[in-house]
Amino acid sequence: MAPRYVGIAAAIVAAASIATVAFAEEAERKGIPAPPGHVFKTIISGYEFRSKETRALQDDDLENPGFLAVERAADVWKKVEGSEGKSCMSCHGEAETSMKGVGAAMPKWDDRLKKPVNLEQRINICRSEHMKAEPWKFKSQELTDMTTFVRYQSHGMPVTVKTDGPMSPWFERGKQIYYTRYGQLDLACESCHERNNGKFMRADFLSQGQTNGFPTYRLRDQRLVPLHERFEGCMFDVRAEPFKPLSDEFLALELYVAWRGIGLPVETPSVRN
């Protein structure tokens, strides 16, 4: 056989091998049955779309690099800050008890603010209003660490976000954003995570885009990444002008995407590529 045709044949075999591997990995993915009216029949965590090596790294608490944040924040939880002379523990006691289930239910409605707040916002409300301490900046190590620590207290618990009552218009707004095409590439969230999840793209598998592992340790960034930063990154990827982190737009999107993963166990701190 001529060298040119040998090369073509090898390419075909290689492509077939990749497809076989992709099919095999897809067959191994585990999920939970979706509730009636959900967009998916089976809800699958992003964990199931990662390599065996990455999953093993997440599963080992001693090897998972995200646990460094949990350890740092455990010390900060007890640290007195602000003019009120309080720490997180002053009001909430032991996080293992008081914060259990909190991260699984966020964002939650705030009656005083008349809007939902997410975990980062709730942490800073506590700091500024109850401790009289400076709020932490988004993407700061302190805020990401504490968000990870609080959410970790719900590790293994199912996502239970509420979308009815006053949350309903925010849910609908998040849904609209999810299905709206943005940027020069004219893509929506659903373009990747609904229509094309499970497909191999840019040396990785597209997941359903679930949020149950955030903040997540991204190997490519070598640090924990909060959810709104990932939203921001996705919009940059499609060459769109992103909404601001902690904006009403991203808050509504967080609510809607959390609902898409309702029932999945909280994995924070998860590990992703």
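Predicted model: local features only at pLDDT ≥ 70, side-chain atom pairs only at ≥ 80, totals over all residues.
**Entry 1: the annotated site**

I began with the record. UniProt, in an unreviewed entry, puts the feature "binding site" at Cys189, Cys192, His193 and Cys234. I then checked them against the pocket search, and Cys189, Cys192, His193 and Cys234 turn up in the lining of the largest pocket.

Next I looked up where two of them sit. Histidine 193 lies in helix 9, and cysteine 234 is in helix 10. I also listed the contacts of histidine 193, skipping its neighbours within four places in sequence: Phe40, Tyr178, Ser207, Gln208 and Gly209.

**Entry 2: the largest pocket**

I got a volume of about 1,200 Å³ for the largest pocket. Its lining has 46 residues, and the closest to the centre are His193, Arg218, Arg230, Cys234 and Asp237. I note that His193 and Cys234 also belong to the UniProt set.

Which elements give two or more residues to this lining? I wrote down helix 8 (168-179), helix 9 (189-193), helix 10 (227-237) and helix 11 (248-260), plus strand 6 (204-205), strand 7 (216-218) and strand 9 (270-272). Helix 10 has the largest share, with ten residues. By class, I have 22 nonpolar, 13 polar and eleven charged residues in the lining of the largest pocket.

**Entry 3: the second largest pocket**

The second largest pocket comes out at about 240 Å³. I find 17 residues lining it, with Trp77, His92, Arg122, Ile123 and Cys126 closest to its centre. Helix 4 (88-92), helix 6 (119-131) and helix 7 each give two or more residues to this lining. Helix 6 gives the most, seven residues.

I searched the whole structure for cavities of 30 Å³ or more and got two. I followed up the largest cavity, which holds about 150 Å³ of space. Of its 13 lining residues, Leu119, Arg151, Phe214, Leu227 and Glu254 lie nearest the centre. Helix 6, helix 7 and helix 11 each supply at least two residues of that lining. I count seven nonpolar, three polar and three charged residues around the largest cavity.

Helix 6 and helix 7 were already on my list for the second largest pocket, and helix 11 was on the one for the largest pocket.

**Entry 4: helix 3 against helix 7**

Helix 7 kept coming up, as a contributor to the second largest pocket and to the largest cavity, and I looked at how it packs. Helix 3 (residues 67-76) and helix 7 (residues 141-152) pack at about 95 degrees, and their axes are 8 Å apart. An angle of 65 to 115 degrees counts as roughly perpendicular, so helix 3 is roughly perpendicular to helix 7.

Which residues meet there? From helix 3 I have Phe67, Ala69, Val70, Arg72, Ala73, Ala74 and Val76. They meet Gln141, Asp145, Met146, Thr148, Phe149 and Tyr152 in helix 7. Sorted by class, this contact has nine nonpolar, two polar and two charged residues.

Definitions and conventions
Residues numbered from 1 in each chain as written. Heavy atoms only, no water. Axes fitted to C-alpha atoms, helices over the stretch in contact; angles between N-to-C directions. Helix = DSSP H or I, 4+ residues; strand = E, 2+ residues; numbered from the N terminus. Parallel < 35°, antiparallel > 145°, perpendicular 65-115°, else oblique. Contact = heavy atoms within 4.5 Å. Nonpolar A, V, L, I, M, F, W, Y, C, P; charged D, E, K, R; others polar. 1 Å grid on protein atoms, 1.4 Å probe; cavity = no way out; pocket = protein on both sides within 12 Å on 5 of 7 lines; lining within 4 Å. Points joined across faces, edges and corners; volume = space filled by probe spheres on them. UniProt positions renumbered as here; feature names shortened; annotations may be inferred.
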